[in-house]
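Trainee: I would like to learn how to read the contacts in a protein model. Could we go through them one kind at a time?

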Amino acid sequence: MNFEKLNIISPILKALVKEGYNKPTPIQAQAIPVILAGKDMMGCAQTGTGKTAAFAVPLLQILYKEKSNHQGPRTLKALILTPTRELAVQIGENLSAYERYTGLKHTVIFGGVSQFPQTNALRAGVDILVATPGRLLDLMNQRYIRLDQIRMFVLDEADRMLDMGFSHDVKKIIAKLPVKRQTLLFSATMPPEISDLIDSILQKPVRIEVAPPSTTVEKIEQTVYFVEQQDKTSLLIQLLGSKSIDSALVFTRTKHGADKVVKALAKASITAQAIHGNKSQGARQTALNDFKSKRTRVLIATDIASRGIDVQELSHVINFDLPNVPETYVHRIGRTGRAGLGGTAVSFCNLEEKEYLQDIQRLMSRKIPVSRDQIFSMSASGN
Ligand code: AMP
């Protein structure tokens, strides 16, 4: 299978070649024909599967063909709604790459920053808008944005959107969309609230499911250390002392925990930056850019802030705290092992977290090997 076989038009093909995409990923191979046929679609897929291109490529192709038929001023024809600023920026970066030779234009809007550059971009005219719900509603209320010409709507990471409490905002936005439109919904998990949402906003959707990145998971070397909570920082410092850790994304459960780890690492002369919702948008973006460009070796993140972080060649994911939702573990470790590369995932597990570990192992149908060099002993360890 290649992109030509999916009937991708040459301006977009050329951009994909430039990005080094030779072969569609499974979700792309399945979703692109459905979307090009104008159908509603729901995709059960996580970040890391290539889902952004799965919707962005056909969306651009549809708009490109329409633009060639109707010349006229630019109007907003596609809306991509996504829960976090980081994801919005990420989708924007992907669109910039894919739309390069199409003459189509997009802009990205999110809260926590001045609205002026965003309203200026909107005033200049865009075909596609990538937005987080709060800022979108705000600019709609200020009449900078009208959704009445939208013909393609993408709801990205729908489960996360609801988890973050955006349900009400999303409904308000959807109420302003034309009834006649094509709707694409992506969600990593399908809890009942998402099924209800699907029934209410999609019409005869084609369901596409790609296995949670178990293929990715298989390529990742996983280990767990049993360790008391108070020893986790020392263990982290010891591990980061190893040169084999090229870049590490460290997950903590709370924002406070993330800041504490940064401080403790600083005392041990290890430079790290934290990325979480309490930081200003500028600080988060700087931390992310420093990490992507390998200026910082260690980034400490909470789950919500990390959504959409796409770092090529990330060597290590470290679970300083284990998540209580097993799917989150798979999400986290899927940050390494991108695009078929291997990677290492290390987890710290205290006594209370053993239950979470069991849930994770059940979800993956595999045991995570216990590290042979248990640096710190834990009372009642074992699995
Ligand atoms: P996503 O799941 O959309 O976040 O994409 C994960 C990563 O895979 C991103 O870095 C994309 O640039 C990359 N990617 C997406 N599709 C392809 C493809 N067909 N070939 C190679 N890399 C891809």
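Mentor: We start with salt bridges: a salt bridge is a side-chain nitrogen of Lys or Arg within 4 Å of a carboxyl oxygen of Asp or Glu. Side chains of opposite charge can pair when their charged atoms come close. Keep in mind that this is a predicted model.

Trainee: How many salt bridges does the count come to by this rule?

Mentor: The count comes to 15 salt bridges. Take E19 and R100, whose closest N and O atoms are 3.7 Å apart. This pair links distant parts of the chain, 81 residues apart: E19 is in the loop between α1 (10-18) and α2 (26-36), and R100 is in the loop between α4 (85-99) and β3 (106-109).

Trainee: Are E19 and R100 buried, partly exposed or exposed?

Mentor: Buried means under 20% relative accessible area and exposed means over 50%, with partly exposed in between. E19 has 34% relative accessibility, so E19 counts as partly exposed. R100 has a relative accessible area of 39% and is partly exposed too.

Trainee: Which side chain does D127 meet in a salt bridge?

Mentor: D127 meets the side chain of K77, at 3.2 Å from N to O. D127 lies in the loop between α5 (116-124) and β4 (128-131), and K77 in the loop between α3 (51-69) and β2 (78-81), so the pair ties together parts 50 residues apart in sequence. Both D127 and K77 are buried.

Trainee: Where do D359 and R362 lie?

Mentor: Both are in helix α16 (residues 354-364), three residues apart, which is about one turn of the helix. D359 and R362 form a salt bridge, with the closest N and O atoms 3.3 Å apart. The relative accessible area is 24% for D359, which is partly exposed, and 58% for R362, which is exposed. Salt bridges can also share partners, and in this way K232, R253, D321 and E353 are joined into one network.

Trainee: Next, aromatic pairs. How is a pair of aromatic rings described?

Mentor: A pair is described by the distance of the centres and the angle of the planes. The count here comes to four aromatic pairs. In one of them, Y21 and Y98 are edge-to-face, 5.9 Å centre to centre with 65° between the planes. Y21 is in the loop between α1 and α2 and Y98 in helix α4, so the pair ties together parts 77 residues apart in sequence. Y21, at 28% relative accessibility, counts as partly exposed, whereas Y98, at 1%, counts as buried.

Trainee: What angle lies between the planes of F55 and F186?

Mentor: The angle is 50°, and the pair is tilted, with 5.4 Å centre to centre. F55 in helix α3 and F186 in strand β6 (residues 182-187) are 131 residues apart, and the pair links these distant parts of the chain. Both F55 and F186 are buried. Elsewhere, Y225, F320 and F348 form one aromatic cluster.

Trainee: Last, the ligand. How many residues surround the ligand?

Mentor: The ligand is surrounded by 14 residues, and the closest are Y21, Q28, G48, G50 and T52. The shell divides into three nonpolar, eight polar and three charged residues. A polar side-chain atom of Q28 lies 2.8 Å from a nitrogen atom of the ligand. For G50, a backbone N or O atom lies 2.7 Å from an oxygen atom of the ligand. The protein covers 86% of the 500 Å² of accessible area that the ligand has on its own.

Key. Residues are numbered from 1 along each chain as its sequence is written. This is a predicted model: local features need pLDDT of at least 70, side-chain atom pairs count only at pLDDT 80 or more; totals for chains, interfaces and linings use all residues. Side-chain values use heavy atoms; hydrogens and water are left out. A residue is near a molecule or strand if one of its heavy atoms lies within 4 Å of it. A polar contact is a pair of N or O atoms within 3.5 Å; within protein, one must be able to donate a hydrogen and the other to accept it, and residues adjacent in sequence count only if both atoms are side-chain atoms. Accessible areas come from the Shrake-Rupley method with a 1.4 Å probe; for residues, only the protein chains shown count as cover. Ala, Val, Leu, Ile, Met, Phe, Trp, Tyr, Cys and Pro count as nonpolar, Asp, Glu, Lys and Arg as charged, and the others, Gly among them, as polar. Helices (H or I, at least four residues) and strands (E, at least two) are DSSP runs, numbered from the N terminus. Buried means under 20% relative accessible area, exposed over 50%, partly exposed in between (1.4 Å probe, protein chains only). Rings of Phe, Tyr and Trp (its six-membered ring) pair if their centres lie within 6.5 Å; planes under 30 degrees apart count as stacked, over 60 as edge-to-face and the rest as tilted.
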